[in-house]
Amino acid sequence: MENSSEIVSFVLSAYGNVGDLKYLYFIIILFWYLSICVANTFLIVVIRVDRRLHEPMYILLSNLCMNEINASTSLYPLLLSQMFSDNHEVTRLWCFLQMCSLYTGAPAEFWSLAAMAYDRYISICHPLRYNVIMNTDRVFLLILLVWVFSFLIFILSFSFIFRLKFCGNIVDNVYCEHQLIIRLSCSVSIYNSISIIFFVIMSIFIPFSLISVSYVKILKVCRKTSKENKQKAVTTCTPQIVSLSNLFVGCICYSIDFRFLFSQVPDEVRIILAIYLLICQPMLTPFMYGFNLPKIRQSCKRLLFKRK
């Protein structure tokens with residue numbers, strides 16, 4: 001049995017031998033990664049430079065875009081570097097850093113959407129108290145709490161992985177996925193099952209419950225209000241609902257891939273399912289909000305065409 005100190009790196013075996021296709025894959029991945037960074041950064045810049053967008057909803061949106069860049073950067077540079085690697089090795093330290101970034105970004109995504117749903121709830125259900133409850137200081141405090149809480153969720157869920165002793169180093173994926181890393185440990189720990197349950201409850205179930213309560217209350221209020229207010233509510237809430245729906249599609253794909261059909265699906269499909277959320281969600285966020293919220297759309301035009 002090998003000692004953990006002897007395992008200094010992991011081999012990402014899912015890359016296999018792609019031959020000359022690696023040049024095509026490299027171009028596609030690079031283009032997609034740059035597109036994600038440009039789209040999200042552009043939206044952040046638009047919100048930053050236009051004072052008319054210095055409102056809680058748009059500040060929270062900027063935070064969501066920052067998380068999309070963070071999540072993408074935790075994956076795509078590794079994919080690009082591995083395209084031209086012969087052994088597809090990644091150091092333990094880099095693996096753990098990647099897990100930290102990915103599994104902090106996941107709860108940050110859901111809790112950011114929960115914060116945005118709460119903002120919409122206050123705006124629609126308590127409009128007279130909105131400026132008091134959702135002032136700028138509280139919004140930035142809310143963002144800080146989202147990130148601190150998300151990091152604590154990661155630490156409490158997966159910090160035990162850092163102390164594991166590993167008896168193998170072959171990871172059958174294109175990135176350091178925590179379940180596959182744990183399978184390489186010399187002993188199976190009860191912390192694995194407990195940590196996954198804790199992570200799901202704290203990262204998905206609780207924020208989703210809060211989002212559901214917010215939208216149920218919004219729906220009740222909208223049923224009693226004017227047609228114009230109903231349309232406004234639909235316009236501002238639709239992007240968040242679409243984002244949340246896509247997140248759950250990604251979670252389903254992830255769960256099916258690793259828990260039920262791990263050995264039954266083709267490698268290409270398995271890899272795409274494993275990173276579905278990091279393919280679609282980072283690009284969905286800026287485009288859904290950028291093209292669906294009128295104020296952002298108008299600000300984009302003003303910035304691009306220098307209109308006042």
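In which helix is the place of S195? That residue belongs to helix α7, which covers residues 190-222. Keep in mind that we are looking at a predicted model.

Is S195 buried or exposed? The relative accessible area of S195 is 4%, and buried means under 20%, so S195 counts as buried. As for its surroundings, leaving aside residues up to four places away in sequence, S195 touches S157, F158 and F160. Of the helices, α5 spans residues 136-158.

That brings me to confidence. Averaged over the protein chain, pLDDT is 84, and 92% of the residues score at least 70. Among the elements of the chain, helix α5 has the highest mean pLDDT, 93. The lowest mean, 74, belongs to helix α8, residues 227-260, and I would ask you to keep that value in mind when looking at α8.

Now the sheet. There is an open sheet of three strands, in the order β2-β1-β3, and the pairing is mixed. At the edges are β2, residues 89-91, and β3, residues 170-171, each of which pairs on one side only. How do β1 and β3 pair? Strand β1, residues 9-12, runs parallel to β3, with two bridges between them. Within this part of the sheet, L12 is found opposite V171 of β3.

Last, a helix on the sheet. Helix α3, residues 92-125, lies across β1 and β2, and the angle between α3 and β2 is about 80°.

That is the end of my part.

Note on methods:
Residues numbered from 1 in each chain as written. Predicted model: local features only at pLDDT ≥ 70, side-chain atom pairs only at ≥ 80, totals over all residues. Heavy atoms only, no water. Pairing = 2+ DSSP bridges. Helix = DSSP H or I, 4+ residues; strand = E, 2+ residues; numbered from the N terminus. Contact = heavy atoms within 4.5 Å. Axes fitted to C-alpha atoms, helices over the stretch in contact; angles between N-to-C directions. pLDDT = per-residue confidence, 0-100. Buried < 20%, exposed > 50% of the residue type's maximum accessible area, 1.4 Å probe, protein only.
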